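I opened this entry to go through one model by eye and by number. My notes follow in the order I looked things up.

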Amino acid sequence: MSVTENNVSEAMREGVVIPATSRAERFTSHDVEAFEVPGGREENWRFTPMKRLRGLHDGSATASGSATVDADAAPELKIEKVGRDDERLGVAGVPSDRIAAQAYSSFTEATVITVPKETKTSKPSTVKITGPGEGEVAYGHVQVRAEQFSEAVIVLDHVGSGTYADNVEFVIGDSANVTVVSVQDWADDAVHVSEQHLKLGRDATLKHIVITLGGDLVRVSPTATFADKGGDVEMLGLYFADEGQHQEHRLFVDHAVPNCKSRVMYKGALQGDGAHTVWVGDVLIRAAAEATDTYELNRNLVLTPGARADSIPNLEIETGEIEGAGHASATGRFDDEQLFYLQSRGIGEDAARRLVVRGFFHEILVKIGVPEVRERLEAAIEAELEAVGV
């Protein structure tokens, strides 16, 4: 027995609870009561302002309304409203925290979006999810299913007011190629907590883009898993927090099978007193996941005093037989050298600062394959900069 094993055994005999040190030991369950009520000191919740969750975490937030789901979809897509007993639901993943479990046990109707086998959709599809309204609470569930050899671009557009928690599933079949854009453009009062489950089949490709702009508190937790070899997931994110906003993104990429690839790149900007962004990126390469190729990157640009960005990349490797693995994180203010260079070319300071911010986000924006969404984001970023006089 190793020293560590001996210490753990001794602690267990004494009744001491040993915290999980590996993401491989992450607890999941559909049962709400299987999770303790978080108090805010747990690793998974230590950055989240618990009082602003409006009772989503402790069971006191009972559903008082419902979110509406409307679609402007390609004709090839099949969109269904199904009950909780539909056997397709839950196949992409199991809730990993109490709010996700609460959302899973509380929704009454789910939306299932299916891209049929060997079908390439004729246009991007937009599914608009509108909150229950100011002062109301709702729970939801959406599943996107891409059958084998299909291709599609789907935008999930979250708007409106209220308190909303949900699970979103992406079931990507063998050799399917899908781009999904999840936009959180809520009203100022909204609270949204979402766990997103990404499951890729053999040789499947998924580009998963998260864009967070509005809301009082938004917490999005995507988890990517691979069902077979050859899966390729690209997880991109863009977020912009204003005064008083809390935006939190927690990612987990679980490499459990060989010959899969993942790329993570999130960029955020924040401005105003009390603006707070949190990015936590966990990548686990299990012992069986030989020939894995992974990299994660997070960059944050702080535009004004009083704003705070937390960034925590984690990489756990259980095998040495990999193609490559790495991570990087940086948080900073404007690059004075960039500003000096632009001003030396006759560009005013305000215009130079705007150019720096646009350049900062450009790497993400060019990867969004939907022109309408990209233009909307560019306009939103411009409006944010004008609001603070940058």
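This is a predicted model: local features need pLDDT of at least 70, side-chain atom pairs count only at pLDDT 80 or more; totals for chains, interfaces and linings use all residues.

Is N259 buried, partly exposed or exposed? I checked its relative accessible area and found 41%.

**Two loop residues**

I stayed with N259 for its backbone. Its phi is positive, about 60°, although N259 is not a glycine. I noted the background: most residues other than glycine have a negative phi. I then placed N259 in the loop between β13 (246–255) and β14 (261–270).

I looked up F149 next. F149 is not a glycine either, yet has a positive phi of about 65°. I found F149 in the loop between β5 (137–146) and β6 (151–159). Its relative accessibility is 47%, so F149 counts as partly exposed.

**The sheet**

What is the strand order in the open sheet of nine strands? I read it off as β2-β3-β5-β7-β9-β11-β13-β15-β17, with mixed pairing. I then asked which strands stand at the edges. They are β2 (78–83) and β17 (308–317). Each has a single partner strand, so one side of each is left without a neighbour in the sheet. From one strand to the next, I note an average twist of 10°.

- Strand β3 (residues 109–115) pairs with β5 in the parallel sense, over five bridges. Here T111 stands opposite V142 in β5.
- The pairing of β5 with β7 is parallel too, over ten bridges. I traced G140 to its bridge partner in β7, which is D166.
- Strand β11 (residues 217–226) and β13 form a parallel pair over seven bridges. I found V220 opposite H249 in β13.

I also checked how covered β5 is. Nine of its ten residues are buried, and I wrote it down as mostly covered. Helix α2 (residues 98–106) lies across β5, β7 (163–172) and β9. I noted an angle of about 85° between α2 and β7.

**Q196**

I moved along to strand β9 (residues 191–200), where Q196 sits.

A polar contact of 2.7 Å links the side chains of Q196 and H208. I listed the residues that Q196 touches, leaving out those up to four places away in sequence. They are V168, F170, S182, H208, V220, S221, P222 and T223. V220 is the residue I had already seen opposite H249.

**Helix α4**

I finished with helix α4 (residues 349–365) and its length. What span should its 17 residues have at 1.5 Å a residue? The answer is 24 Å, and the end C-alpha atoms are 24 Å apart, which agrees. I still found a kink in α4, about 25°, centred on G359.

I also listed the buried residues of α4. They are A352, R354, V356, V357, F360, F361, I364 and L365. I marked R354 in that list for a second look on screen.

Definitions and conventions:
Residues are numbered from 1 along each chain as its sequence is written. Side-chain values use heavy atoms; hydrogens and water are left out. Helices (H or I, at least four residues) and strands (E, at least two) are DSSP runs, numbered from the N terminus. A polar contact is a pair of N or O atoms within 3.5 Å; within protein, one must be able to donate a hydrogen and the other to accept it, and residues adjacent in sequence count only if both atoms are side-chain atoms. Contact means heavy atoms within 4.5 Å. Buried means under 20% relative accessible area, exposed over 50%, partly exposed in between (1.4 Å probe, protein chains only). Two strands pair if DSSP finds at least two bridges between them. Axes are lines fitted to C-alpha atoms, for helices over the stretch in contact, and angles run from 0 to 180 degrees between N-to-C directions. The expected span of a helix is 1.5 Å times one less than its number of residues. The bend at a residue is the angle between axes fitted to the seven residues ending there and the seven starting there.
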